[in-house]
Amino acid sequence: MAPWSGLWAGRPALAGDAYRGTPVVVKMENPNWSISEIDGDGGEFLPRAGRRRRRGKNAKQITWVLLLKAHRAAGCLTWLASAAVAVGGAARRRIAAGRTDDSNAAEGDGVGVGAAPPRSWLYAFIRGFLLLSVFLLAVELAAYANGRGRVLVASVDSFHASWVRFRAAYVAPPLQLLADACVVLFLVQSADRLVQSLGCFYIHLTRIKPKPVHPAAMLDQEDPEAGYYPMVLVQIPMCNEKEVYQQSIAAVCNLDWPRSNFLVQVLDDSDDPTTQALIKEEVEKWQQNGAHIVYRHRVLREGYKAGNLKSAMNCSYVKDYEYVAIFDADFQPYPDFLKRTVPHFKDNEELGLVQARWSFVNKDENLLTRLQNINLCFHFEVEQQVNGIFINFFGFNGTAGVWRIKALESSGGWMERTTVEDMDIAVRAHLNGWKFVFLNDVECQCELPESYEAYRKQQHRWHSGPMQLFRLCLPDIIRCKIALWKKANLIFLFFLLRKLILPFYSFTLFCIILPMTMFVPEAELPDWVVCYIPALMSFLNILPAPKSFPFIIPYLLFENTMSVTKFNAMISGLFQLGSAYEWVVTKKSGRSSEGDLIASAPKDLEQQKACSTPILDLAAIKEQSIPKQSSTRKEAKKKYNRIYKKELALSLLLLTAAAHSLLSKQGIHFYFLLFQGLSFLLVGLDLIGEDVK
């Protein structure tokens, strides 16, 4: 029998009620028992002696817990101090070196033909805004000190009162109007992303998957003509990419396809004689071992990649081929790539393009590659797949795809008018009625940029080119005879919403309007715009890459940080500014996966009757790759990290706004501005990605 029983207002006594002042009537059956402790989680009844022992024990535990927490706090402070010292040291070294983003073209680090120094109009605007915000913060601090009885400058109060009246009457209304417009655009773009995510979920739920009408039959060694094996031209455009030419040529030459039915074109645009000689020598090795491969080098290198592809398609022997597969220099297709893509064309005369998705050999190399992997997984898994399934159209990714040559020719062929020749040909083919298929389960390995400089140049090209193309294609879209909903999709969704509105509102809303609302509190941004909706969108973006969930916060901050580059590129392309046609070949490191890399040295192909892949010696691969990687590292030591002025200026702007937010107790806005400002600071000091020197 229990030593006690309790009654309270007709129900059992609850321990948590003691703290709320509710009387508890307890009938004690043993005077040696008493209540030792009552807390919100339930009371415990012990003898009086046991109660004293328990209290002593709890006091010791509390002491140890406090000491442990103090130790952890000290460790955290030590880590923060070390991080601050490291950032300060990096900043001092960057500034002392004097290497900024304006010196890229002068030094030629990664700059291709036609590259121009970036325009400084955006930096001048950000710098002016920063100086204004620092001045307003100083005025607010002086007025705050005067209000607490510490008069610093007597005229500050009158100036502050005039500023408050002026901002309420003339600054707040247009700022609030611009903020509301950006919020509407933000909601529209978020709705589009949500619909795409729901479409992807429906595809996975119903297991919709493009299937060829007649799959390719297994190759018969005795009858190589059995099955569907049409003539395929394989092109590898490259330019000064000596880090990756061996593995790309090896992977393409080992495609599982009848040797007589495909030809490899190595389209070398390199202007470095040493690189030209190395690539030509590699092609000759494969020719001597039975591969059907040719080397082409242009004397007049006009039109960048589009001009290279256009020149190759003018060869007389191209008329003998029905399809063309394109792989950039760092792409390594699996041997069954053609077998899984080309059969989709059979008995489907309206199909013009089959696109495969990308996978990345260096996605875990550093924080920058992890964040890129999140973005590109969403692009392929959601955007490309949904558009391919439901509307049979998407932007060609420029590589890892197979075109029907007839579709290319009927759409005007490759054109050099923009820096996104892949999107250009895709839009023109769509206007001519050709359909596209995206294969999410067919992968082609490639490499992500590991340095912020290379990634920034790549994103500039990818976001300025679509605006150039939009200006050129808009009249053709309006005049063409395709369905009205297809025109609306091209103009409003494909170009305006996803290529123009997204970088515009992302930069304007989170980098300009939000810090301005700290100094003009009459204009407001609600918490759900600053925190909840962006968090939801980041969650949707990261779903296709579930292993990247620990990086959801860095991803959100980094995407906002990249908005300055994307906004600058979008404006340059839309208004044809100097950097709109800047073309920079993305730097490669030559990384590859041992299990997926095909031998760098050709094997004896003549002994194989048809197209079976040679047996590869992985030990030989590693031996051949070690010297190349070491030489790559030696060359990398000649490169330097930079400081990026626009990102640094925005960092100081956001941190200034965060200080003002802390002064006015803005809550969640302070934390967002603080961490976003630190994110800009890390990127501005080139502390993300490859740490070169």
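These legends walk through close-up views of a predicted model. Local features need pLDDT of at least 70 and side-chain atom pairs count only at pLDDT 80 or more, while totals for chains, interfaces and linings use all residues. Residues are numbered from 1 along each chain as its sequence is written, and side-chain values use heavy atoms, leaving out hydrogens and water.

View A. Let's start with S12 (residues 435–446); strands here are DSSP E runs of at least two residues, and helices are H or I runs of at least four, numbered from the N terminus. Nine of its 12 residues are buried, so S12 is largely enclosed by the rest of the structure (buried means under 20% relative accessible area with a 1.4 Å probe, protein chains only). Strand S10 (residues 351–360) runs parallel to S12, joined by nine bridges, and strand S9 (residues 332–333) pairs with S12 in the antiparallel sense over two bridges (pairing needs at least two DSSP bridges). Gln445 in S12 stands opposite Ser359 and also opposite Gln332.

**View B. Surroundings of Val427.** Leaving aside neighbours within four places in sequence, Val427 is in contact with Phe393, Leu469, Cys473, Phe494 and Phe495 (contact means heavy atoms within 4.5 Å).

**View C. Helix H18.** The 17 residues of H18 (residues 668–684) should span 24 Å at 1.5 Å a residue, and the end C-alpha atoms are 24 Å apart, which agrees (the expected span is 1.5 Å times one less than the number of residues). Buried residues in H18 include His669, Phe670, Phe672 and Leu673. Among the elements covering the buried residues are helix H12 (452–479) and helix H17 (645–663). Just after H18, Asp686 takes a positive phi of about 60 degrees.

Terms used: Buried means under 20% relative accessible area, exposed over 50%, partly exposed in between (1.4 Å probe, protein chains only).
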